[in-house]
Every structure is written in C-alpha cells, then in structure tokens.
Amino acid sequence: MDVELCLLALPGVQKDDLQTIFSHPQDLAQCEHSLSNLGVSKKNVDHGAAGAEIISQQNLKDAGVIGSARSAELYGLNILECNFQDASPNVTRYLVLARTANIPKEYEQYKTSIVFGLEEGPGTLHKALVAFWKRDLNLTKIESRPNRGKPMRTLGTEKQFNYIFYVDFEASVAEIPAQNALKELEEIASFLRVLGCYPSTSI
C-alpha cells in the first residue's frame, strides 16, 4: 500500500516553532533527512495517532507529529506538509494475521511464506532450494536477514553472520508437493516455520 506521511501540529503552529517530533520509529526513520533540516528532537510513540493525541491533549505548541491526514482530522491538528517522507512513493507491505491457521483448499492459487535457518556448510542453501526445484514449485521471494537471537557464529578464529531465510513460494500447504518440499527442507534446516498461506492475489 502507498503510505503518505504528513507533518502535523496544532493550529497556528509553524515549522519554525517545532522543537520535538513524535512518531513511530519506522516513520521517523523514513523522514530522517527532512527532520535533520528542521533540527528537532525525536520521541518514539507506538504510532502516529498516539503522538497526535498527546499533542492535542497536552496542547503542545512546540511539538509536531509525523502521521496520517486522518490523524490530523481526528485530533484537530493542521497539516504543515504532505509527503514528508524522504522517498516517494513510500510503499509498505502489510500482512493480515490470525490466531488460527486457515488451511486453503487444494488446487487453488495460493502462496506460502516460510522462514528457516541453516547450519554452515558448503551448498546448504542450494540443497534447501532444490527441495522446491525438484517439485516444480516457483519461488517468488527469498530474503536473508541476520539472526537476531544469534547474529554471529564462530568458525575457527573467524566470525561470520548467522542468517535466517524468508521464502515465499507459489503453492498451498494443502498440496502434496508443498508438503514434501517442506519435509525435505526440515531435514536440513536448523529450524523451519510456516508463517502463513494465503491467496496469491492478496499480497
């Protein structure tokens, strides 16, 4: 989804009056360059609407918030600048989560998201991906991220990053080829978790 971040403040407040900016850390990071030009301090809140509520309730005339136009409407703030983010378009991917799994029916167009870890060794990532290739399962995304719980590992005297892998593939976990691919991957992975299965047109 396209996300438009706005700089908001109380009516009558100008940019030069601002000393503090409230927002979610991600929104603050997306406006880093714009904020540096203002020379303001930053305060983290759970989301932009929370910052807008604080400014409105406490009548803070030296503070602003990075949030949505809807937040300005809800809390009586003025929009000082639209598209305040450093880069446009600003696109964010959202996931819809549920407490219980909704296993889709077989033979419909679905996508499955997984995350797994691998022990160090020659060709381990190749072996992991072959599990999908052998069953003609198309990968639509593969990303690597340092493992937050154990970001580094030592091989002899050498330290290396410890990565986990996020993969999306086109299939439902209700399909036999997908089940067999996951079983094969589980045999070589240090851990494997299915994050979700959803219609391929939804994300």
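Guide: UniProt positions are given here in the numbering used for this structure, feature names are shortened, and annotations may be inferred rather than shown by experiment. In that record, an unreviewed entry places the feature "domain: Prephenate dehydratase" at residues 1–99. The structure is a predicted model, in which local features need pLDDT of at least 70, side-chain atom pairs count only at pLDDT 80 or more, and totals for chains, interfaces and linings use all residues. Residues are numbered from 1 along each chain as its sequence is written, and side-chain values use heavy atoms, with hydrogens and water left out.

Visitor: What are the helix and strand percentages over residues 1–99?

Guide: Helices (H or I, at least four residues) and strands (E, at least two) are DSSP runs, numbered from the N terminus. Over residues 1–99 the chain is 31% helix and 21% strand, with its end C-alpha atoms 23 Å apart.

Visitor: Which residues of helix α3 are buried?

Guide: Buried means under 20% relative accessible area, exposed over 50%, and partly exposed in between (1.4 Å probe, protein chains only). Helix α3 spans residues 48–58, and its buried residues are G48, A50, G51, A52 and I55. They pack against β2 (20–23), β4 (63–67) and α4 (69–75). Just after α3, N59 takes a positive phi of about 50°.

Visitor: How many residues does the largest nonpolar core have?

Guide: In soluble globular proteins, nonpolar side chains tend to be buried together. A nonpolar core is a set of buried Ala, Val, Leu, Ile, Met, Phe, Trp, Tyr and Cys residues joined through side-chain atoms within 4.5 Å. The largest one here has 26 residues, and those with the most contacts inside it are I21, L35, I55, I66 and L77. Two or more residues come from each of β1 (6–9), β2, α3 and β4; β1 gives the most, with four residues. Contact means heavy atoms within 4.5 Å. Not counting residues up to four places away in sequence, I55 touches L10, F22, L60, A63, G64, V65 and L77. Apart from this core lies another, of 18 residues, among them F165, F169, L182 and A189.

Visitor: How many aromatic pairs are there?

Guide: A pair of aromatic rings is described by the distance of the centres and the angle of the planes. Rings of Phe, Tyr and Trp (its six-membered ring) pair if their centres lie within 6.5 Å; planes under 30 degrees apart count as stacked, over 60 as edge-to-face and the rest as tilted. The count comes to two aromatic pairs. F116 and F165 are stacked, at 5.6 Å centre to centre with 25° between the planes. This pair links distant parts of the chain, 49 residues apart: F116 is in strand β6 (residues 110–118) and F165 in strand β10 (residues 163–169). F116 counts as buried because its relative accessibility is 0%. F132 and F169 form a tilted pair, at 5.0 Å centre to centre with 45° between the planes. Here F132 in helix α5 (residues 124–133) is joined with F169 in strand β10, 37 residues apart.
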